[in-house]
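Me: I would like to learn how to read a model from its coordinates. Can we go feature by feature?

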Amino acid sequence: MTNENTLLDNMVTLVIDGKEVAVPAHSTVLDAARRLGIPIPTLCHYAKLIPVGACRMCLVEVEKMRGLQTACTTEVRPGMVVRTDTPEIRKARAANLEFLLTNHPLDCPVCDKGGECELQDQTFIYGPGKSRFIEEKRHKAKARILGPYVIMDQERCVLCRRCIRFLEEWADDVQLGLFERGRLTYVDTFNGEPLDTPFSGNTVHICPVGALTSRVFRFSARSWELKHTPSVCVNCAVGCNISLHTKYNRLKRIVSREHPDVNDEWLCDRGQFDHRAADGTLRITQPLVRKDGELKPASWEEALARAAEALRDAVGQYGPAGVACVGSAQHSNEANYLLQRLARGALGTNQIDMAAEVPARARLLPTTRKLEQSDLVLIAGLDLLDAAPLLELFARHAGVMGCTRFIIVGTERSHLARFGRWLQCRPGTEAAVINGLVRAILQSGRARAAAGLEQLQAWMEPYTPAAVMHAAGVPEGELLEAAEALAQAQRPTILYGGARAGDAVLRGALGNLALICGAEGPALVPAQANAIGALDMGVSPAFLPGFQPYTDTRALDRYQQFWGRRVPAEAGQGLRAWRGQKLPAALVLGEVPAGLRADFLAVITSWKAEVPADVDVVLPACAFTEADGSFTNLTGRVQWARAALRPMGESRPAWWILTQLGARLGEAGRWNFSSAEEVFAEIARCVPGYEGLSYGVLGEAGALRKLEPERLTVYEAHVSLAG
Amino acid sequence: MSALVNAVKGLIQHLRAMGITLRYLFMKPVTVQYPEQPPEIYPRFRGRHELQRYENGLEKCVACGLCAAVCPSGAIYVEAAENDPEHPVSLGERYAKRYEINMTRCIFCGYCEEACPKGAIVMGHEFALADFGRHELVYSKEQLLEPAHPHVIVKQV
């Protein structure tokens, strides 16, 4: 025993059903059995929640322990001998199920959980097959509306407390509780307050029975009738893995798919219950062309010809500066890539930009689970819950588990302030607060060594706690305590983004802080689903795909070869410049940015709401549920959202629309894509960082794109300290 | 010798066969003069489906979809909706907003009846389903709720 190495010291060997297994110390008997592939039925146990041993389904026999033990809460011990399938255990399981069913309404035919119900499955496998209970069952509330998305049937509840535990351990929003005792116990909200946490849909996902069900899905299909298509949520940049459940070409529900580095297995309500793409009243389903001053339905041929002609005329008359192409951070990589190829190749202009302000070569989180691995997270000028709800969920989980503290710098109170402090500052003064923190850490002498530290010290000199208090309103003591926490942190992470993603000064200030604390980041959390992908694709007047400057002659030569066209080396203007003028012609993908005016305006969009009054041609695009496309999330993971439904009405995938426009602008022989997969193959060939990727490689898990982020250097980050 | 024996044996067989023919000539014919005469069928004959109601008039079907799931020819389409507690259509929370059976697809196997947890769908005795168009053969819920009056005699067994 003396020469065992340390790894073995931490392993415990036990015997389950005659099979020996070694598991890490502090594992449970259930973990060990699952490792061996031995089935043990459970109802209350959920791998991502702390075990409570409430349902009594996982009873096993342990030698030298009196009575049956719950496998989910019994820790393994060296030399333990466990049996999981003896007559006594079978009897206990059957009895347990019989007891659960005495109080269960058995209304499986009308229950939305029917067919995917853990109680139903286990009753089939382990149940007694017959009930001896002839008395009247207890009666509780049925069809009780708990919140905007969740409806409850209290009779079906088996009191496993999964929902309550999720709200405690993950959402940190305990809106459900147990009331009464014994047979009368029920789950409900407190004082009739609604279950309106932004993560309420997950309680439906983890409910083992039909007690909590979705109001959106309610009675619209049975689980076995649904076709599952793996896809990606496009509501924010987390890119949660979802499965689109459809029946007869109708979207019925959105269910999470497990991905350890993206959404684990959770979804926010915004994503889970967003069925707008399937709502015909919100969609544009017919090409529209302005005739005699009025928008009228037209054929695709007519609309495409009109748009192509206007764009060609504008270039002919005014040169490359006569057109503007606007990409979209909400659309796929394929659509954005083709739009910039259309601009640079067919129209010969660098006049391409998008409304989302995304810094080039932004540093990104390595995984969405990074927050749980950090001991301190600083969030500056970012409403995390709004910009990336799942990151907020992981942050709350980390906070509840006590492994992570948070420092929030901003004007709005965040829930995460519960697990740390909120440096409440005046609007727009976040950078001053960060500079104050940098100065305080530099003063304390605990800054990490970095090039240019003296220079930084000189730049930061004006940001004394008193000056920061004056300018931003952050009390001096709090600033110094936060700086102390940052200096002590072992694995800090810094986040910024949202509406302030384009704030270069704040980003620079956070870069200084990351540099002197050795922090991860500053990691960008963009507000739009594909902001990072769209910029990677070259939707910027300054950058070709993969952040290559448009002045880089070698890159220009390469693209000339790829595209068979001269690629413009002349500067193009961006959105900021366009806002001050009226352009001859503009082609917009997605929403038309505020202030963009053009004599001729063509819009490629899925939504009625995105069609402005002065548009000349509307080209209806498929929603993400109807067209294949790839999206790059906030960790740089490229993921494939698959088409689950047929295009609505006359709408077509954006890549098809742009290919058709290209053909009418003289690109017919050069590109002729017949699927999104072919467009992505070209992206893999032409976009640095996307080499070697294909839909096959992306599969269901996606793959990280490889683009070097910017290197951190000291930055002046000058901010006014006027109060 | 053996040829003679064979000839006699053959003659006897012919006479016996002729006897059977003669006997049937004077028996009651089995042919039913349908449609003038109703055919006799067994009680478990599987004819056109009928949706059942409870005595209080509520529909038994709760649109669980098991009939559609078990149907080997995909002939059944069910669409559920939530009952208005004030004016329920069925007993329970959900009812069939649409319930259709495509009789051109149905093979009358009876699995739907077997799968139904509520005894809502029952195969009746109506079998004369011919019509002039395929669309007429997609039976709606209203048609299926209407009890048929088949022109048959049910054998007592």
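Me: In the hairpin of E14(A) and E15(A), which residue takes a positive phi?

Reply: Asp292(A) does, with phi near 50°. Two residues lie between the strands of this hairpin. Keep in mind that the model is predicted.

Me: Which other strand pairs with E14(A), and in what sense?

Reply: Strand E27 (residues 617-620) of chain A, in the antiparallel sense over two bridges. Here Leu288(A) has Val618(A) of E27(A) as its bridge partner.

Me: Why does Ala63(B) count as buried?

Reply: Count C-beta neighbours; 20 or more within 10 Å makes a residue buried. Ala63(B) has 27 inside 10 Å, so it counts as buried. Asp17(A) has 14 inside 10 Å, so it counts as partly exposed.

Me: How many residues of strand E22 of chain A are buried?

Reply: Seven of seven, over residues 520-526. Strand E21 (residues 492-498) of chain A pairs with E22(A) in the parallel sense, over five bridges. Tyr496(A) has Leu524(A) of E22(A) as its bridge partner.

Me: Which peptide bonds are cis? Start with the one to Pro522(A).

Reply: Look at omega. From Gly521(A) to Pro522(A) the bond is cis, with omega near 5°. Pro522(A) is part of strand E22 of chain A. Chain B has a case too: Tyr34(B) to Pro35(B) is cis, with omega near 5°. Pro35(B) belongs to the loop between H1 and E1 of chain B.

Me: Is Tyr34(B) buried or exposed?

Reply: Exposed, because it has 11 C-beta neighbours inside 10 Å.

Me: Which residues of helix H15 of chain A are buried, and where on the helix are they?

Reply: List the buried positions, then check their directions around the axis. In H15 (residues 465-472), Pro465(A), Val468(A), Ala471(A) and Ala472(A) are buried. Their arc around the axis is only 130°, so they lie on the same side of H15(A). They pack against helix H13 (430-444) and helix H16 (476-488) of chain A. Just past H15(A), Gly473(A) has a positive phi of about 85°.

Me: Which residues have the most contacts inside the largest nonpolar core?

Reply: Leu384(A), Leu437(A), Leu513(A), Val525(A) and Ala586(A), in a core of 220 residues. H13(A) gives the most to this core, nine residues. Skip neighbours within four places in sequence, and the contacts of Leu437(A) include Leu479(A), Ala482(A) and Leu513(A). A second, separate core has 27 residues, among them Cys111(A) and Tyr95(B).

Me: How many residues of chain B are in contact with chain A?

Reply: Twelve, and they touch nine residues of chain A. Strand E3 (residues 76-82) of chain B gives the most on the chain B side, with three residues. By class, that side has six nonpolar, two polar and four charged residues.

Me: What separates the centres of domain 2 and domain 4 of chain A?

Reply: 34 Å, taken over C-alpha atoms. Their contact takes 14 residues from domain 2 and 13 residues from domain 4 of chain A. Helix H5 (residues 162-171) of chain A gives the most on the domain 2 side, with three residues. That side divides into ten nonpolar, one polar and three charged residues.

Definitions and conventions: Residues numbered from 1 in each chain as written. Chains lettered and ligands numbered in written order. Predicted model: local features only at pLDDT ≥ 70, side-chain atom pairs only at ≥ 80, totals over all residues. Buried ≥ 20, exposed ≤ 12 C-beta atoms within 10 Å, placed from the backbone. Helix = DSSP H or I, 4+ residues; strand = E, 2+ residues; numbered from the N terminus. Arc of directions from axis to C-beta. Contact = placed C-beta atoms within 7 Å. Core = buried A, V, L, I, M, F, W, Y, C linked by C-beta atoms within 7 Å. Nonpolar A, V, L, I, M, F, W, Y, C, P; charged D, E, K, R; others polar. Domains from an automatic or database assignment. Pairing = 2+ DSSP bridges.
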